[in-house]
Amino acid sequence: MPDTTATPVPPGGRRLVVLAGPTAVGKGTVAAYVREHHPEVWLSVSATTRPPRPGEVDGQHYWFVDDEEFARLEDEGLLLESAVVHGRACYGTPRAPVEEALAQDRPAMLEIDLQGARQVRAAMPDALFVFLAPPSWEELVHRLVGRGTETEEEREVRLATARTELAAVQEFDVTIVNDDVARAAEELVSLMVDPNAAKDS
Ligand code: 5GP
C-alpha cells in the first residue's frame, strides 16, 4: 500500500481530488455522474486540441482549441499540467479556475490521464490522488476491446498500455473500483468531505 500518512489531511478534507486510471476504465462516465448529481463539486474543464464529438459543448465538456492556442496556454504557464494522450491530441488543465475553486473552498475535481496526475502531484502534493480501477483485468480487457472494431495490432497496443497503466495504482492515495458508476462516484465524492472514508478499501 502507498504511504498515505505523509501528507496531513486538513480539517474538512482534502478539497482537490485528482481522478485517474487506465484507459477505458470509465473515468469520464464517473465524472459525468458527479457533474450531474453533485453540483456542489466543481469539475475542471480541460483544454484539448481534439475535435468535439457530437453533443460536446465548448466550455462545458472541454475548451476546444487549436494547436497554436494550446501552445500559447502552455508557454504562458496557464496550464497546471498538460499531456499528449494516446499519441493523438493535447490535453491540459487550466490553472486559474482550479486555484479559484480552491480559494473559495469548493470541493474540486480533475479527471485526467496518468501523465497529468503525476504533474499535479509535483505541483500540488496536498491533493488527494484517486485511482479508478476496473473490477478485474478481464473486465478491463472486455471494455477495451469489447467493441471488436480494432485490428489485432491495435488490440495488442491497447492491452500493453492497460498493463502499464494498471501498474501505476501504487502511486495513488486511494483506489476506487468502478464496479458500478453511481457507487464509485458516491465514494469519490465522499472523499472530498472525509478523505479517510475509503483509505482502507
Ligand atoms: P477523451 O478524449 O476521450 O475525452 O479523453 C481522453 C483522455 O484524456 C482521458 O483519459 C482523460 O482522462 C484525459 N484527459 C482529459 N482531460 C485531460 C487533461 O486536462 N489533462 C490530461 N493530462 N489528461 C486529460
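**Exercise 1. A loop residue**

Work out from its relative accessibility whether Asp173 counts as buried or exposed.

*Solution.* Step 1: the relative accessibility of Asp173 is 7%. Step 2: compare this with the cut-offs, where buried means under 20% relative accessible area, exposed over 50%, and partly exposed in between (1.4 Å probe, protein chains only). Asp173 therefore counts as buried.

A word on what you are looking at: this is a predicted model, in which local features need pLDDT of at least 70 and side-chain atom pairs count only at pLDDT 80 or more, while totals for chains, interfaces and linings use all residues. Residues are numbered from 1 along each chain as its sequence is written, and side-chain values use heavy atoms, with hydrogens and water left out.

Step 1: Asp173 belongs to the loop between helix H6 (152-167) and strand S9 (174-177). Helices (H or I, at least four residues) and strands (E, at least two) are DSSP runs, numbered from the N terminus. Step 4: look for a partner. A polar atom of the Asp173 side chain is 2.9 Å from the backbone nitrogen of Phe129.

**Exercise 2. Building the sheet**

*Solution.* Step 1: begin with S7 (residues 108-111). Strand S1 (residues 16-20) runs parallel to S7, and 4 bridges join them; Leu19 has Glu111 as its bridge partner there. Two strands pair if DSSP finds at least two bridges between them.

Step 1: turn to strand S8 (residues 128-133), which 4 bridges join to S9 in a parallel pair. Ala133 finds its bridge partner in Val177 of S9.

**Exercise 3. Around the ligand**

How many residues surround the ligand, and which are the closest?

*Solution.* Step 1: the shell holds 15 residues, the closest being Ser46, Arg50, Tyr62, Tyr91 and Glu111. A residue is near a molecule if one of its heavy atoms lies within 4 Å of it.

Step 1: see which strands contribute. Strand S5 (79-85) and strand S6 (89-94) each give the shell at least two residues.

Step 2: An N or O atom in the Arg50 side chain is 2.6 Å from a ligand oxygen. For Lys27, a polar side-chain atom is 3.2 Å from an oxygen atom of the ligand, and for Thr93 the distance from a side-chain N or O atom to a ligand oxygen is 3.4 Å.

**Exercise 4. Positive phi angles**

Find where Ala24 and Asp105 lie, then describe their phi angles.

*Solution.* Step 1: recall the background. Most residues other than glycine have a negative phi.

Step 1: take Ala24, in the loop between S1 and helix H1 (27-37). Its phi is positive, about 70°, although Ala24 is not a glycine. Ala24 is partly exposed because its relative accessible area is 34%.

Step 2: take Asp105, in the loop between helix H3 (95-103) and S7. Asp105 has a positive phi of about 60° although it is not a glycine. With a relative accessible area of 48%, Asp105 is partly exposed.

Technical notes:
Polar contact = N/O pair within 3.5 Å; in protein donor to acceptor, adjacent residues only side chain to side chain.
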